[in-house]
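Colleague: Please take a close look at the aromatic rings in this model. Where do they pair, and what sits around them?

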Amino acid sequence: MIANTFNLTGKVAIVTGCNTGLGQGMALGLAQAGCDIVGVNISEPTETRALIEAEGRKFVDVRANLMKLDDIPTVIDKAVTELGRIDILVNNAGIIRRNDAIEFTEQDWDDVMDINIKSLFFMSQAVAKQFIAQGEGGKIINVASMLSFQGGIRVPSYTASKSGVMGVTRLMANEWAKHGINVNAIAPGYMATDNTAALRADEKRNSEILERIPAERWGTPQDVAGPVVFLSSDAAAYVNGYTLAVDGGWLAR
């Protein structure tokens, strides 16, 4: 039955940046579909752990700073040591810095690029090596953005990094599909998370954004749970190199 292809029982998923927001929503969705979760965060994901364990799934807490690459081997080793294997990687961790392009600093450029695209690539590389060693393929889901498709304003490094996410998703899919590895991305629209708190607090910008969204609301972490389960499942076995917009219709307007 088709419903069985969405069942992820027995799978192990690494989810980066899952202590709050979209990462938490995706980790919970994967747990509800049957996954045990390896959560990679810079701070303790107390609430996320409780939610995952309430679903009867295991949660392995890995503390790592993905602004640099040093901790990536530890993430892989801990996942394999404690849960035996890796089946899914969700590259969600990311940051944003806002300033006019004319005033943007090198530090704000480098910080965003390091975590949003550099660490995403090298985490994917490390997990792909594990997938190949296991010999059973795997799923990589990157978190892109509406700014993978559009330019935005006042977020030059974020736009560059998220455009890069869509491009490198295609590249990895091209190279690794022969190993049974599916690489895709989710591009969330305007979501009610910590990253958009300032926009939602600005009455004028909030109104402008909502007027553009056909669904007439900001997205929630629950809105990305279904798409990540789909892309992690056998139902998406022939989906590769694609960036799926989850935007309430923003790009259609």
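Modeller: A search of the whole structure finds 4 aromatic pairs. Rings of Phe, Tyr and Trp (its six-membered ring) pair if their centres lie within 6.5 Å; planes under 30 degrees apart are stacked, over 60 edge-to-face, the rest tilted. One of the pairs is Phe6 with Phe230, tilted, at 6.4 Å centre to centre and 35° between the planes. This pair links distant parts of the chain, 224 residues apart. Phe6 is in the segment before strand E1 (12-16), and Phe230 is in helix H8 (residues 225-232). Helices (H or I, at least four residues) and strands (E, at least two) are DSSP runs, numbered from the N terminus. Phe6 is partly exposed at 33% relative accessible area; Phe230 is partly exposed at 26%.

Tyr190 and Trp218 form an edge-to-face pair, 5.6 Å centre to centre and 90° between the planes. Tyr190 lies in the loop between strand E6 (181-188) and helix H6 (197-201), and Trp218 in the loop between helix H7 (203-212) and H8, so the pair ties together parts 28 residues apart in sequence. Trp218 is buried, at 11% relative accessible area. Buried means under 20%, exposed over 50%, partly exposed in between (1.4 Å probe, protein chains only).

Ring pairs link Tyr190, Trp218 and Trp250 into a cluster. The charged end of Arg200 sits over the Trp218 ring, 5.9 Å from its centre. That of Arg212 sits over the Trp250 ring, 4.1 Å from its centre. The rule wants NZ of Lys or CZ of Arg within 6 Å of the ring centre and within 35 degrees of the ring normal.

This is a predicted model: local features need pLDDT of at least 70, side-chain atom pairs count only at pLDDT 80 or more, and totals for chains, interfaces and linings use all residues. Residues are numbered from 1 along each chain as its sequence is written, and side-chain values use heavy atoms, with hydrogens and water left out.
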